[in-house]
Amino acid sequence: MTTTARHERSWLEFCLAYVDMKWPSAAPKTRDSLTDALATAIPAVVAESLPDDLEPGTLREARRHFALAPLSRDLDRPPAVAACLRWLEKASLAVSEVSKPAHASAVLDAISLRQDGHAASATTIARKRSVFANVLRYAVELEELNANPLDRLSWKPPKVSETVDRRVVVNPRQARELLTAVTYVGQQRRGPQSRGQRLMALYACMYFAALRPGEAVALRRQDCHLPENGWGRLTLEKSRPEVNRRWTDTASAHAERGLKHRPSQETRRVPIPPELVRILREHIVTFGVAPDGRIFSSDRGHVIASTAISDVWAEARTRALTPHQVASPLAGRPYDLRHAAVSLWLNAGVPATEVAERAEHSVEVLLRVYAKCLDDSEGIANTRIDAALRDA
């Protein structure tokens, strides 16, 4: 009788197989995060150091852009990239070696550093560790590892802050000044209909309706109820988050997705105040809508790029804020308008359940994330303690 030993895959081969398993159902941003994490984890489990004639940057490019994404594996490889991948294929240890504490710790050390050697942020470390842990669980599930080595290590990821920094939150006056400043951006170059004027209503949706950037970009005329008087309503159905074309299944960098945290066909209704109704009505009259019904588009009808949203906002901040405020975190990103909207609703006394529904959060997450943005909570607590002490 003879027995045939089962071929044990290398760590590189197993990671590629894991990507192939996850890829079809993964969103583009998930694919981006997945390949970024594995590009860091793969070279930490090798039998030898990288030869001096091979560059670490080229090795990362080889993994990230020519090995991990399934559709990129058939691309023509530059000689330096091909040499790096040949070395990696030979140097990658068997997947069972990852179960040894030394190799598992090496991966954790790698994901704790940026490419320049400095410490990575807590969010980056947590994201990459999550991918690494999922790969190990998959290996245990396929019986290629006997146990998850992370269960035996004392290493703990740094804590990630989930609360919004109240310093980024603008008040209504500041928000309106920023929206006005947006309309002046690019006016000298583009005439009366500047790039900023084309985007002002998009930022207004983020402030008055707490829309995410991808939700605002995907907003269509048929999603909007805009009466001549009173409150209107947005019925959100789609989101268009932007990601590198490499991670999408289409030629577009804006993958059309359902709403975050919701089934693909589920919608979200957001009442909008008369001020936003007026802004949207004026925007539609001035700029029209794209052929597919989108309210916001470039002057050529394309989907609004995230770089345009960020660049216009950065210039608007310099116009509306003082130099001290510009140097501060105040409204540092367009996304901070959403934080300002949710904070405003909570401080106005809107029940947390209603705010959570409009902003698409669970109540638990809502109160945890925005706990530091509730106005004068310290003063209220002090007053109550004073009263209790006097009564005593």
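**Figure 1. Packing of helix 1 against helix 6.** Helix 1 (residues 11-22) packs on helix 6 at an angle of about 100°, and their axes lie 11 Å apart. Axes are lines fitted to C-alpha atoms, for helices over the stretch in contact, and angles run from 0 to 180 degrees between N-to-C directions. The two helices, helix 1 and helix 6, are therefore roughly perpendicular to each other, a label given to angles of 65 to 115 degrees, with under 35 counted as roughly parallel, over 145 as roughly antiparallel and the rest as oblique. From helix 1, Trp11, Phe14, Tyr18 and Met21 meet Phe132, Asn134, Val135, Tyr138 and Ala139 of helix 6; contact means heavy atoms within 4.5 Å. Helices (H or I, at least four residues) and strands (E, at least two) are DSSP runs, numbered from the N terminus. This is a predicted model in which local features need pLDDT of at least 70 and side-chain atom pairs count only at pLDDT 80 or more, while totals for chains, interfaces and linings use all residues. Residues are numbered from 1 along each chain as its sequence is written, and side-chain values use heavy atoms, with hydrogens and water left out.

Figure 2. Lys128 sits in helix 6 (residues 122-141). Lys128 is buried yet has no salt bridge, and Asp36, the nearest side chain of opposite charge, is 4.0 Å away. Buried means under 20% relative accessible area, exposed over 50%, and partly exposed in between (1.4 Å probe, protein chains only). For charge, Lys and Arg count as positive and Asp and Glu as negative; His and the chain ends are not counted. A salt bridge is a side-chain nitrogen of Lys or Arg within 4 Å of a carboxyl oxygen of Asp or Glu. Leaving aside residues up to four places away in sequence, Lys128 touches Asp36, Ala37, Thr40 and Ile111.

**Figure 3. The salt bridge between Arg60 and Asp36.** The closest N and O atoms of Arg60 and Asp36 are 2.4 Å apart. This pair links distant parts of the chain, with Arg60 in helix 3 and Asp36 in helix 2 (residues 28-41), 24 residues apart. Arg60 is buried, with a relative accessible area of 13%, and Asp36 also counts as buried, at 13% relative accessibility.

**Figure 4. The salt bridge between Asp20 and Arg73.** In this pair, Asp20 and Arg73, the closest N and O atoms are 3.0 Å apart. Asp20 lies in helix 1 and Arg73 in the loop between helix 3 (56-67) and helix 4 (79-91), 53 residues apart. Asp20 is partly exposed, with a relative accessible area of 36%; Arg73 is partly exposed at 22%.
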